[in-house]
Amino acid sequence: MNETPKFPNDLDSFWMPFTSSRAFKAHPRMQVSAEGCHYTGQDGVRRIDGTGGLWCSNAGHGHPKITEAIQRQAAALDFAHSFGQGHPVAFEAASRLVALAPGFDQVFLTNSGSEAVDTALKIALAYHAARGEGTRRILVGRQKAYHGINFGGLSVGGIGLNKGQFGSLYPDVRQMRHTNQPGREFSRGQPETGAALADDLQDIIETQGADRVAAVIVEPVSGAGGVFPPPIGYLDRLRAICDAHGVLLIFDEVITGFGRMGTGFAHQFYGVVPDMVTVAKGMTNATVPMGGVYARAGLRDAFLNGPEEMPDLFHGYTYSGHPLAAAACLATLDVYRDEAVFENAAAMAPLWEDMLHSLKGLPGVVDIRNAGILGAVELAPEGAVGQAGRAAYAALWDAGLIVRPVGDSLAMSPPLTLSADLIDEIGEVLRVFLKTR
Ligand SMILES: Cc1ncc(COP(=O)(O)O)c(C=O)c1O
């Protein structure tokens with residue numbers, strides 16, 4: 001059981017996600033175990049998990065209470081679907097999830113963030129149709145946004161590289177400008193200027209006609225695009241424009257949900273309540289795949305006017321509310337509450353911010369951004385975009401710290417159970433690397 005797993009002799013059969021198979025095979029990096037805020041690699045080296053898995057292991061790795069809950073559930077009820085029947089654990093999980101998000105009455109369960117986003121976009125289209133406003137078909141996204149890789153999320157997403165291989169996708173999409181305009185480098189937390197960029201939505205509505213726009217989706221803090229906190233007042237302005245024109249506001253909180261900002265959700269941190277919230281990742285502490293869409297109070301009512309025997313929504317997944325995921329979710333929410341994980345994130349956030357911004361002035365650092373326990377250190381490009389980021393990732397891996405290269409930014413999102421000592425340690429590894437590279 002505790003034997004070190006053997007190095008696989010076949011690195012070719014697994015077609016890896018978002019990976020250059022040739023680069024991976026040249027330098028395979030393998031994790032074999034994880035505990036708390038650290039991974040141990042196949043090479044026996046323990047490294048700091050500076051990315052919390054992939055923005056998802058919020059309570060740290062290997063929490064025994066979550067592991068036990070999954071084991072117990074697998075033995076009791078391994079699977080039951082939720083198409084017109086149910087099982088108690090999914091209902092209990094949904095109820096606990098809704099209790100965490102005042103203002104939201106239901107949560108539709110999916111298996112990933114990508115599915116959550118596509119579900120939310122479909123709910124938006126179906127919501128307007130159910131209310132006799134079926135002309136509302138335009139979905140608005142934003143440059144640099146990452147909303148997963150399914151057709152809907154990719155369509156509204158704003159990272160060109162991710163779209164290039166796949167043609168025209170959903171046709172009725174418009175994009176707002178991203179919020180990281182020049183002049184806001186080294187802002188601590190939210191940039192002070194830039195709220196007016198929300199008026200891009202107003203322009204789109206005026207150009208297209210309010211009766212054609214269904215929804216706008218944004219990450220409250222854009223994550224995978226490079227960690228960009230919203231300018232002060234920006235999210236409020238989006239809310240006001242949506243209210244004025246009957247457009248649904250969707251916050252994609254796949255990264256920011258479950259404590260990343262030191263509150264349950266980023267919309268609570270920023271005090272702006274959207275109509276839907278997409279979640280995943282920290283929902284089960286990433287132990288079993290699960291995602292979801294929160295629906296604001298009253299939204300689901302629009303779907304209750306059809307014949308009583310028909311589904312509210314012609315949409316769902318075999319594994320929506322999977323018993324193992326639901327059990328993992330319940331145990332995770334217990335751990336978050338009982339061990340004050342969100343509170344720890346809130347307490348650590350100022351130290352995290354100070355550590356990151358102490359790197360200002362080191363060679364090649366052109367911007368530093370932070371929000372909650374999220375951060376990015378942007379390096380000056382060296383050759384093609386991404387080259388400096390990839391080189392830094394490799395060097396930091398060798399130095400014992402795992403970061404996520406996004407272009408030439410080094411994105412970080414360690415577990416929310418981090419300590420002041422761990423923040424110091426991360427700072428030291430980054431400082432030595434930046435000074436000596
Ligand atoms: C904001 C956001 N939305 C959606 C997704 C997609 O989630 P998944 O990879 O679980 O499909 C991600 C993944 O990082 C994300 O950051």
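Modeller: Let's start at the ligand. Helix 5 gives the most to the shell around the ligand, with 3 residues. Keep in mind that this is a predicted model.

Colleague: How many residues surround the ligand, and which are the closest?

Modeller: There are 15 residues around the ligand. The closest are S112, G113, S114, G148 and V254.

Colleague: How do the residues of that shell divide by class?

Modeller: The shell around the ligand has 7 nonpolar, 6 polar and 2 charged residues.

Colleague: Back to helix 5. What does helix 5 pack on?

Modeller: Helix 5 covers residues 113-130 and packs on a sheet. Helix 5 touches strand 4, strand 5 (138-142), strand 7 (213-218), strand 8 (248-252), strand 9 (276-279) and strand 10. Its direction makes about 30 degrees with that of strand 10.

Colleague: What is the strand order in that sheet?

Modeller: The order is 4-10-9-8-7-5-6. That makes an open sheet of 7 strands, with mixed pairing.

Colleague: Which strands stand at the edges?

Modeller: Strand 4 (104-110) and strand 6 (173-176) do. Each has a single partner strand, so one side of each is left without a neighbour in the sheet. From one strand to the next, the twist averages 20 degrees.

Colleague: How many bridges join strand 4 to strand 10?

Modeller: The two are joined by 6 bridges and run antiparallel. Strand 10 covers residues 291-296.

Colleague: What do strand 2 and strand 3 form?

Modeller: They form a hairpin, with 4 residues between the two strands. In the turn, G44 has a positive phi of about 85 degrees. Strand 2 (residues 38-41) and strand 3 (residues 46-49) pair in the antiparallel sense over 3 bridges. Two of the pairs to look at: T40 has R46 as its bridge partner in strand 3, and Y39 has R47.

Colleague: And strand 3 with strand 13: parallel or antiparallel?

Modeller: Strand 3 and strand 13 run parallel, joined by 2 bridges. There, I48 stands opposite L401 in strand 13.

Colleague: Switching to helices. At what angle do helix 4 and helix 11 cross?

Modeller: Roughly 40 degrees. The axes of helix 4 (residues 88-99) and helix 11 (residues 323-338) come within 8 Å. The crossing is left-handed.

Colleague: Why quote both an angle and a distance?

Modeller: Because two packed helices are described by the angle between their axes and the distance between the axes.

Colleague: Which residues meet there?

Modeller: From helix 4, V89, A90, E92, A93 and R96. From helix 11, P323, A326, A327, C329, L330 and L333. By class, this contact has 9 nonpolar, no polar and 2 charged residues.

Colleague: Last topic, the domains. Where are they?

Modeller: Domain 1 is 21-59 + 340-436, and domain 2 is 66-338. Their C-alpha centres lie 26 Å apart.

Colleague: How many residues are in contact?

Modeller: In domain 1, 31 residues are in contact with 28 residues of domain 2. Helix 12 gives the most to the domain 1 side, with 7 residues. Other elements giving two or more residues to that side include helix 2 (52-55) and strand 11 (365-371).

Colleague: And the classes on that side of domain 1?

Modeller: The side of domain 1 that touches domain 2 has 17 nonpolar, 10 polar and 4 charged residues.

How values were computed: Residues numbered from 1 in each chain as written. Predicted model: local features only at pLDDT ≥ 70, side-chain atom pairs only at ≥ 80, totals over all residues. Domains from an automatic or database assignment. Contact = placed C-beta atoms within 7 Å. Nonpolar A, V, L, I, M, F, W, Y, C, P; charged D, E, K, R; others polar. Pairing = 2+ DSSP bridges. Axes fitted to C-alpha atoms, helices over the stretch in contact; angles between N-to-C directions. Near = placed C-beta within 6 Å. Left-handed = near helix turned anticlockwise from the far one by under 90°.
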